[in-house]
Amino acid sequence: MPDSTRRRAIKHRFLRLLPVVPSILLLALFFLAPVAWSFGASFTDAALTGKAALHPQWVGVDNYARMLGDAVFPLSAWLTVVFVGASAILGQNLLGLAIAVLMGKAGGTMNSFVGTAVVAAWVLPEIVAAFAAYAYFSQDGTLNQVLGMFGVHGANWLYALPMATIILANIWRGTAFSMLVYRAALSEVPRDVSEAALMDGARGWQRLAYITLPIIRGSIATNLMLITLQTLAVFTLIWVMTAGGPSNASTTLPVLAYQEAFKLGDIGYGTAIASVLILIGLVFGAAYVRLLRGEKQ
Amino acid sequence: MRRRARMGAALFGVLALLASAACSSQPQTNEKQTIKVVYQKTDSFTALDKVFKDAKQEFEAANAGVTVDLQPIQANDDDYGTKLALAQRSPDTAPDVFYEDTFKVRSDVDAGYLLKLDDKLATWSDWSTFNEGAKAAGRGDDGGIYAVPLGTDTRAIWYNKTVLQKAGIPVPWQPKTWDDILSAARKMKAADPSLVPFNMYAGKATGEGTVMQGFYELLYGTGNSLYSESDKKWVLGSKGFIDSLQFLKTLYDEKLAVDPADALDSNVWKKVFGEWLPQGKMGATVEGSYAPSFWQKGGAYEWPGYAQDMGVAMFPTQFGQDPGGVSMSGGWTLAVGAKSKNADLAFKFLTTALSKKNALAFDVDNSQIAVRTDVASDPGYQAANPFVKDVSNLVDVTHFRPATADYPSISLAVQEATEAVITGKRSPAEAAADYDASVRKLVGDAKVIQK
């Protein structure tokens with residue numbers, strides 16, 4: 001009876017799919033739907049107020065064309081790349097790796113102390129971490145008080161060096177994640193391989209560069225992908241610390257999208273910027289996926 | 001491939017499920033009627049909250065079975081406007097009665113958020129006590145009235161008499177030209193270099209405060225304006241615009257105003273009201289007629305000595321040309337939501353909240369300039385603070401913002417120009433050229449006029 005076998009197979013398949021239905025449903029509702037809505041809105045002149053709020057018009061690619069002539073958009077795209085490059089790819093990634101390697105050599109007490117200190121910043125909710133960073137860098141903040149004890153009169157960091165402060169704050173906040181990923185990855189490196197290298201006379205840094213790093217390449221790519229996407233989306237930290245200022249000197253794309261959509265009520269343009277941000281995320285994502293694939297071959 | 005098809009089928013099933021779920025939600029039928037009221041409340045602005053709480057009690061007692069649901073939004077002016085607009089996008093979240101800034105009335109009428117009140121106002125006898133100028137604040141482009149004003153305000157120079165006297169400047173002080181302001185400020189700086197002699201807001205952080213209590217007092221005193229009401233076009237390339245930026249540059253470069261870093265902190269006004277003026281660390285600032293509401297008893301920064309120590313002066317025109325002074329007016333209104341299911345009841349609540357008793361309480365608590373003639377002549381209003389008469393007289397020289405839908409983005413372009421100048425990024429002429437370029441981009445060449 002091939003028919004009943006087929007029916008049973010279909011039923012079986014359906015039953016197997018059943019457990020994932022709720023998660024697909026939730027993903028579609030809370031993730032795909034807003035993205036699709038936002039992408040659709042980026043081709044209209046949707047607004048918070050005025051005639052366009054009542055009857056949004058289809059304007060084609062006008063919003064995207066406007067970016068080309070906008071003085072702030074290129075600056076903002078560049079600042080986003082700088083922010084991601086400096087705070088995630090260099091800062092969090094390298095510092096996380098360095099701490100993980102050093103922890104592998106240090107003793108238990110030292111490890112738990114460093115581990116706790118680093119993870120503490122990561123455990124904080126973003127808004128709390130942002131206020132902490134603001135309190136640290138602001139004019140009368142912790143940093144300037146400490147400098148004052150040594151007789152140094154510190155600058156108003158958030159105003160004088162806005163990009164540097166938000167980059168440092170994001171490194172502080174995000175390094176724990178990379179550290180945890182690399183700690184796990186390093187513990188998977190087979191002992192006999194590095195011991196063999198040691199026997200062959202490889203120095204510490206040589207073992208790291210030629211043995212350890214190639215082995216954990218997969219973890220590096222995964223980690224880079226996750227922290228890049230996370231950092232691209234950072235908003236609260238920047239908004240609380242500098243609000244994108246002064247004079248747009250720290251306006252990354254998420255901040256710009258928020259300003260356009262909600263401060264100026266131009267939802268069409270705001271969502272267009274957000275769509276570009278998604279696109280940048282996809283490009284980074286695709287690059288890392290290639291890196292991962294290259295490793296498997 | 002088959003696997004993908006299966007996933008697609010599953011996804012489609014999910015979406016179909018969602019769609020059917022969305023369709024099956026039924027409108028709620030409620031025996032009890034509820035009026036949803038949305039308004040702003042901050043740690044330093046509780047006057048309206050008090051009025052609405054009183055009005056709620058009064059209204060619920062008079063109308064059995066009606067619940068007034070007060071939903072204060074804790075946010076600054078900018079964020080309040082955003083949250084209100086977001087709530088109005090859906091009938092489920094749109095309020096029945098809400099607090100609305102006068103300069104947003106017209107664009108929100110265009111957006112279909114406000115209910116036309118003409119028929120209802122005709123039946124409300126108190127409407128005739130509102131003065132004509134104030135009634136215009138709630139008028140839409142079609143001539144209908146969409147919002148009822150709570151009060152209005154003006155802007156003036158608030159100065160600390162003791163600080164001026166220490167620098168040898170006689171009080172009462174009334175500068176006649178911009179140069180008078182600069183020379184007085186330089187005298188104060190010379191007498192005490194740690195002082196902030198004369199502050200005007202600038203930069204994007206203070207939002208509308210930058211233009212209302214700063215740039216427009218300058219611009220409208222040069223003979224130029226932001227918008228030509230007769231041509232319905234934005235004015236570009238005016239000398240007044242550059243001169244105004246130059247004045248700000250002088251103030252900030254000579255350290256007569258606050259440090260640029262402080263100016264770009266959105267909380268700077270709290271320091272002006274709460275610390276610098278009361279502690280005698282600031283000579284003068286340009287602020288609204290509502291300034292006493294912060295210092296009077298129950299205010300956010302109580303300061304018993306303000307009535308003796310503070311003085312108020314009209315902001316002068318550039319060279320003292322007619323009419324000799326400049327002020328800016330805004331103010332807030334109450335409106336009924338266009339999507340309200342209980343519009344009649346909502347309007348009835350609005351009239352309760354704006355009754356003589358409640359309007360008087362609000363105008364006194366929040367140091368507003370009364371718009372009801374019966375409130376204006378009330379002795380309790382006139383005695384509210386020593387400055388009521390001075391700031392009310394400024395109505396003669398006051399200006400209103402162009403209440404067009406694109407105004408908020410133009411205002412931001414002005415704020416950006418001031419920020420670029422006080423931080424030294426652009427010269428006044430360059431910043432003015434940037435402004436012209438962004439306005440052209442925002443509204444198009446057809447809606448600008450070169451002066």
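What is the average pLDDT of chain A, and what percentage of the residues score at least 70? In this predicted model, chain A averages a pLDDT of 87, and 98% of the residues score at least 70.

**Figure 1. Confidence of the predicted model in chain A and chain B.** Within chain A, helix α1 (residues 2-17) has the lowest confidence, with a mean of 80. The highest confidence in chain A belongs to helix α10 (residues 162-187), at 93. Chain B has a mean pLDDT of 88, and 93% of its residues reach 70 or more. In chain B, the pLDDT is below 50 over residues 1-5, a stretch with zero contacts in the model beyond near neighbours in sequence. Residues 7-30 of chain B also have a pLDDT below 50, but this stretch has 12 contacts in the model beyond near neighbours in sequence. Where pLDDT is low, the predicted coordinates should not be read in detail. For the complex, the predictor gives an ipTM of 0.75 and a pTM of 0.78.

**Figure 2. The contact between chain A and chain B.** Chain A contributes 24 residues to the contact and chain B contributes 27 residues. On the side of chain A that touches chain B, α2 (21-41), α3 (51-54) and α15 (253-263) of chain A each supply at least two residues. The most is given by α2(A), with five residues. By class, this side of chain A comprises 14 nonpolar, eight polar and two charged residues.

**Figure 3. The two assigned domains of chain B and the contact between them.** The domain assignment divides chain B into domain 1 (33-153 + 330-394) and domain 2 (155-329 + 402-450). Taken over C-alpha atoms, the centres of domain 1 and domain 2 of chain B are separated by 28 Å. The contact involves 26 residues of domain 1 of chain B and 22 residues of domain 2 of chain B. On the domain 1 side, α3 (77-88), α4 (105-110) and α19 (388-393) of chain B each supply at least two residues. Of the elements on that side, α4(B) gives the most, with four residues. The domain 1 side that touches domain 2 of chain B has eight nonpolar, 10 polar and eight charged residues.

**Figure 4. Packing of helix α20 against helix α21 in chain B.** Helix α20 (residues 407-422) and helix α21 (residues 428-443) of chain B have axes 9 Å apart and pack at an angle of about 160°. Since this angle is over 145 degrees, α20(B) and α21(B) are therefore roughly antiparallel to each other. Their crossing is right-handed. Residues of α20(B) in the contact include Ile410(B), Ala413(B), Val414(B) and Ala417(B), while those of α21(B) include Ala431(B), Tyr435(B), Val439(B) and Leu442(B). By class, the contact of α20(B) with α21(B) has 12 nonpolar, two polar and one charged residues.

**Figure 5. Packing of helix α9 against helix α20 in chain B.** The axes of helix α9 (residues 208-219) of chain B and α20(B) come within 9 Å and cross at roughly 70°. The two helices α9(B) and α20(B) are therefore roughly perpendicular to each other. From α9(B), the contact takes Glu208(B), Thr210(B), Val211(B) and Phe215(B); from α20(B), Ser411(B), Val414(B), Gln415(B) and Thr418(B). The contact of α9(B) with α20(B) has three nonpolar, four polar and one charged residues.

**Figure 6. Packing of helix α10 against helix α20 in chain B.** Helix α10 (residues 239-253) of chain B and α20(B) have axes that come within 9 Å and cross at roughly 40°. The helices α10(B) and α20(B) are therefore oblique to each other, and their crossing is right-handed. Leu245(B), Leu248(B), Lys249(B) and Tyr252(B) of α10(B) make the contact with Ala417(B), Thr418(B), Val421(B) and Ile422(B) of α20(B). By class, these residues divide into six nonpolar, one polar and one charged.

Figure 7. Val171(B) and Pro172(B) are joined by a cis peptide bond with omega of about -5°. The loop that holds Pro172(B) runs between α7 (161-166) and α8 (178-191) of chain B. Another cis peptide bond joins Asp322(B) and Pro323(B), where omega is about 5°. Pro323(B) lies in the loop between β11 (315-316) and β12 (325-329) of chain B. In chain A, Ala243(A) has a phi near 55°, a positive value in a residue other than glycine. Ala243(A) lies in the loop between α14 (236-241) and α15 of chain A.

Notes. Residues are numbered from 1 along each chain as its sequence is written. Chains are lettered from A and ligands numbered from 1 in the order in which they are written. This is a predicted model: local features need pLDDT of at least 70, side-chain atom pairs count only at pLDDT 80 or more; totals for chains, interfaces and linings use all residues. Axes are lines fitted to C-alpha atoms, for helices over the stretch in contact, and angles run from 0 to 180 degrees between N-to-C directions. Angles under 35 degrees count as roughly parallel, over 145 as roughly antiparallel, 65 to 115 as roughly perpendicular and the rest as oblique. A crossing is left-handed if the near helix is turned anticlockwise from the far one by less than a right angle, and right-handed if clockwise. Two residues are in contact if their C-beta atoms, placed from the backbone, lie within 7 Å. Ala, Val, Leu, Ile, Met, Phe, Trp, Tyr, Cys and Pro count as nonpolar, Asp, Glu, Lys and Arg as charged, and the others, Gly among them, as polar. pLDDT is the predictor's confidence in each residue, from 0 to 100. Domain bounds come from an automatic or database domain assignment.
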